[in-house]
Amino acid sequence: MNNAVKLRKDLIERCHRIVIKAGTRLLTDPQAIPQLVDQIAWIRSTGRQVIFVSSGAVGTAMKMLKLKKRPSHLSEVQALAAIGQVKLMSLYQAECQKRGFHAAQLLLTADDLRARERHLNLENCIEALLSRNVLPILNENDPVSVDELKFGDNDSLASLMGSMTRADLTVILTTVNGLLKPNEDGSLGDRISVVQGVTKEQHDMASGTDDGNFSIGGMTSKLKAAEILNSAGEALWIADGREERILEKIFNGEDVGTIFIPAEGMKHKMESKKRWINTFSTVKGKVVVDNGAVRALRKTACSLLPAGLVGVKGSFKRGDIVEICALDGKVIAKGKTNFSSSDCRKLVGKQTADIRNAIGSATEEEIIHRNNLVVL
């Protein structure tokens, strides 16, 4: 058994929860949804939990209304998404029922994941659905989404769902069999079986292949999805969804597609709170630290103390998420601050024993506690 196959089989053996994403191009054939749900039912029969991210609402509506060209006006596209989503979910529900389980629809905007309370509500809802043996089907809420609330594409949504739900594996079904090396003449060459830690070389490969062979976002968006999942200690598998019984091949550990694993391997998984800080939270400001603090944070992931603080940028309040920057401006960590920006400015360079005198009241000893801090 070669290393690529062994790695796949070991990963699949450990998998309990999986996120699967299928794009619009894979859902245009009338038989696509029955075949896809049939494979999902097979995975579920092995005792694994499945969360499904589905595109295709706009494409479904265009077929219903016999439109050959996608509208250019946002409101028209949003209307198509609203029309198509109803049809799409009716098809999924019918196929799920035939196989003895139900489907549930969750339509999301990026704000649903950024806001901590809504994030937790969504997480709890998905857990409740899975506990009732229901298949959660997620899509972007296109009829109400505007640019600042968009995920960008469903590759991003799938990776965020994989991270949020602590899925052991996220599978993106696309229209190519993995990440392909570009040839000198610009054509696509050999498939890369395993990527351990996404590098600049892979990003360069992806930028050279983002053309009509890929869905919106292309391979670049899939590499970004891999980075999100790998940062949390999870894996991404991309494969050709047009290949017959592709999900069964994946869950039999066959060497198909490309699998992306963290640079350090599948050893350390980030806890849920830190995943939210790292991936979902909105940054409100920055604190700048000296070289000693940079070394300490990177080496031991310790708390950030006032003594290492040299500057504060922006306006934020206690409990907000801030970036921790080195003297050269590079972001080295993110965390939830115990102090407002005005109080942080009072604490620059102070020793822990001086905090009370500087602030005027009893408070925490750390600018950011290590339990609320993620080193990047």
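Reader: Before we start, what does "contact" mean here?
Author: A contact means that heavy atoms lie within 4.5 Å. The structure above is a predicted model. Among its contacts between residues at least 6 apart in sequence, 73% join residues at least 24 apart.

Reader: Okay, and how many helices and strands are there?
Author: The protein contains 14 helices and 15 strands.

Reader: What about the radius of gyration, and what would a compact globule have?
Author: The protein has a radius of gyration of 23 Å. A compact globule with 376 residues would have one near 21 Å, so the value agrees. Along the principal axes, the C-alpha trace spans about 70 × 45 × 45 Å.

Reader: How much of it is buried?
Author: Buried residues account for 52% of the 376 residues. The accessible surface of the protein is about 17400 Å², and 48% of that belongs to carbon and sulfur atoms.

Reader: Now aspartate 185. Where does it lie?
Author: Aspartate 185 is in the loop that runs between strand E6 (180–182) and strand E7 (188–191).

Reader: Is that aspartate 185 buried or exposed, and why?
Author: Aspartate 185 is exposed, because its relative accessible area is 64%, and exposed means over 50%.

Reader: And what separates aspartate 185 from glutamate 271?
Author: Along the chain, aspartate 185 and glutamate 271 are 86 residues apart. Their C-alpha atoms are separated by 45 Å.

How values were computed:
Residues numbered from 1 in each chain as written. Predicted model: local features only at pLDDT ≥ 70, side-chain atom pairs only at ≥ 80, totals over all residues. Heavy atoms only, no water. Helix = DSSP H or I, 4+ residues; strand = E, 2+ residues; numbered from the N terminus. Rg over C-alpha atoms; globule rule 2.2 N^0.38 Å. Buried < 20%, exposed > 50% of the residue type's maximum accessible area, 1.4 Å probe, protein only. Areas by Shrake-Rupley, 256 points an atom, 1.4 Å probe, with all protein chains shown as cover.
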